Amino acid sequence: MKVALYSHFAEDVLEGLTAKEKQLSSKYFYDDEGSRIFMQIMQMPEYYPTACEFEILSQQSGEIFAKVPFAKKFNIVEFGSGDGSKTKQLLKVFLEKGTNFTYIPIDISQEANDALEQNMKHALHNLDIQPRTGDYFDVLNELSATGVSNLFLFLGGNIGNYKREAALELLKKFNADMNKGDMLLMGMDLQKNPRTIRTAYDDPHGITKAFNMNLLRRINRELDANIHLDQFDFYCDYNPQNGEVNSYVVSLKKQHFHSTVLNTTFYFEKDELIWTELSKKYSFTEIEALAKEAGFKVVNNFMDCRHYFTDSLWVK
């Protein structure tokens with residue numbers, strides 16, 4: 001049986017772990033267990049992006065509202081909504097302003113969507129929420145056909161997980177399925193003291209390590225593999241010259257493991273790396289250039305008090 005009959009996860013693991021430079025896509029972090037671990041990461045004091053963005057949306061949602069010109073009913077569509085704690089601040093202000101909108105969170109985790117819907121309905125009784133579980137672009141394609149205006153949310157600095165070419169491709173795909181005048185509010189982590197960034201991605205609690213190691217657990221579980229997790233470790237590095245944090249899983253010995261589902265044995269040298277994630281930190285010059293090239297105009301950059309992070313509002 002061909003791997004193509006299995007999941008995209010199976011295909012990507014096979015391709016990534018047989019490549020010359022091994023890698024696993026960060027999009028596979030967020031199974032149900034990974035989503036739970038990431039919620040723990042967001043609560044760490046060292047992981048500043050969550051607190052910074054929470055501050056922006058708590059204190060400046062009125063200013064964001066003032067920049068959104070939609071007169072008729074519109075959608076607030078969120079890509080990868082997580083637990084919704086930050087988004088709740090924005091939605092609350094929009095509801096208080098008497099705005100007529102439907103909130104449409106999109107997530108690949110059904111468990112995350114179910115928890116979000118329950119949480120939002122409890123906190124915001126008048127909220128019209130219609131969660132969608134699945135791929136961003138499938139849902140985006142459906143929404144664009146309705147002709148209803150949209151404010152898209154891509155929060156949490158998630159755009160930083162994409163290399164520049166991939167980020168540009170993603171934003172162009174967003175743009176292609178958006179109507180003229182639709183807006184995108186995007187969380188973007190800013191370049192700052194390298195020590196602050198390094199500690200946020202290599203925390204002393206071992207939570208980020210657990211987040212990365214969950215990828216190996218997922219391979220064991222879903223692809224019937226026999227990885228010994230104690231024979232791998234986690235490492236990350238920040239380069240302040242290009243603003244990139246790169247994360248890796250490291251093989252502690254020469255070893256191999258087998259996946260029954262893939263019918264493949266994977267071989268590792270001692271100290272060989274598996275690249276798992278990029279977290280790009282942006283300058284304002286880079287933000288302007290990226291928006292322009294993707295077919296957007298930057299309307300405003302909303303920042304926290306320390307200027308660590310921005311929610312950048314763009315219009316098509």
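This briefing walks through the overall build of the protein chain, its sheets and its nonpolar cores. Please keep in mind that the model is predicted. The protein chain has 316 residues, and its radius of gyration of 20 Å agrees with the value near 20 Å that a compact globule would have. Ten helices and twelve strands make up its list of elements.

**The chain as a whole**

- The C-alpha trace of the protein chain spans about 60 × 45 × 40 Å along its principal axes.
- Buried residues make up 51% of the 316 in the protein chain.
- The accessible surface of the protein chain is about 15,000 Å², and carbon and sulfur atoms account for 49% of this area.
- Among contacts in the protein chain with a separation of 6 or more, 74% are between residues 24 or more positions apart.

**The seven-stranded sheet**

- Seven strands form an open sheet with mixed pairing, in the order β3-β2-β1-β4-β5-β12-β11.
- At the edges of this sheet are β3 (132-133) and β11 (297-303), each of which pairs on one side only.
- Strands of a sheet pair through backbone hydrogen bonds, and they do so either parallel or antiparallel.
- β1 runs parallel to β2, and six bridges join the two strands. One place to look is F79, whose bridge partner in β2 is I106.
- β1 also pairs with strand β4 (residues 150-154), again in the parallel sense, over four bridges. Here V77 has F152 of β4 as its bridge partner.
- Strand β2 (residues 101-107) pairs with β3 in the parallel sense over two bridges. In this region D107 stands opposite T133 of β3.
- Helix α5 (residues 110-123) lies across β2 and β3, and it runs at about 150° to β2.

- Where does β1 sit relative to the rest of the structure? It is largely enclosed by it, because six of the six residues of β1 are buried.
- In a regular strand the side chains alternate between the two faces of the sheet.
- In β1, F74, I76 and E78 point one way, N75, V77 and F79 point the other way, and all are buried.
- Is I76 buried or exposed? I76 has a relative accessible area of 0%, which is under the 20% cut-off, so it counts as buried.
- Beyond its neighbours within four places in sequence, I76 is in contact with L91, F94, F101, T102, Y103, I104, L151 and L153.
- I76 and M183 lie 107 residues apart along the chain, while their C-alpha atoms are separated by 9.6 Å.

**The nonpolar cores**

- Which residues touch the most other members of the largest nonpolar core? In this set of 65 residues they are I76, Y103, L151, L216 and I219.
- Helix α9 (residues 207-222) gives the most to this core, contributing six residues.
- A second, separate core has 30 residues, including I104, L143, L170 and M188.
- Y103 touches a set of residues that includes I76, E78, L91, L116, M120 and I129, with residues up to four places away in sequence not counted.

- β6 and strand β7 (residues 244-251) pair in the antiparallel sense over eight bridges. Within this pair, F234 stands opposite V249 of β7.
- The hairpin of β6 and β7 has four residues between its strands, and G243 takes a positive phi near 75° there.
- Seven of the eight residues of β7 are buried, so this strand is largely enclosed by the rest of the structure.
- β7 also pairs with strand β10 (residues 273-280), in the antiparallel sense and over seven bridges. V249 turns up again here, standing opposite I274 of β10.

Conventions:
Residues are numbered from 1 along each chain as its sequence is written. This is a predicted model: local features need pLDDT of at least 70, side-chain atom pairs count only at pLDDT 80 or more; totals for chains, interfaces and linings use all residues. Side-chain values use heavy atoms; hydrogens and water are left out. Buried means under 20% relative accessible area, exposed over 50%, partly exposed in between (1.4 Å probe, protein chains only). Contact means heavy atoms within 4.5 Å. A nonpolar core is a set of buried Ala, Val, Leu, Ile, Met, Phe, Trp, Tyr and Cys residues joined through side-chain atoms within 4.5 Å. Two strands pair if DSSP finds at least two bridges between them. Axes are lines fitted to C-alpha atoms, for helices over the stretch in contact, and angles run from 0 to 180 degrees between N-to-C directions. The radius of gyration is taken over C-alpha atoms; the globule rule is 2.2 Å times the number of residues to the power 0.38. Accessible areas come from the Shrake-Rupley method with a 1.4 Å probe; for residues, only the protein chains shown count as cover.
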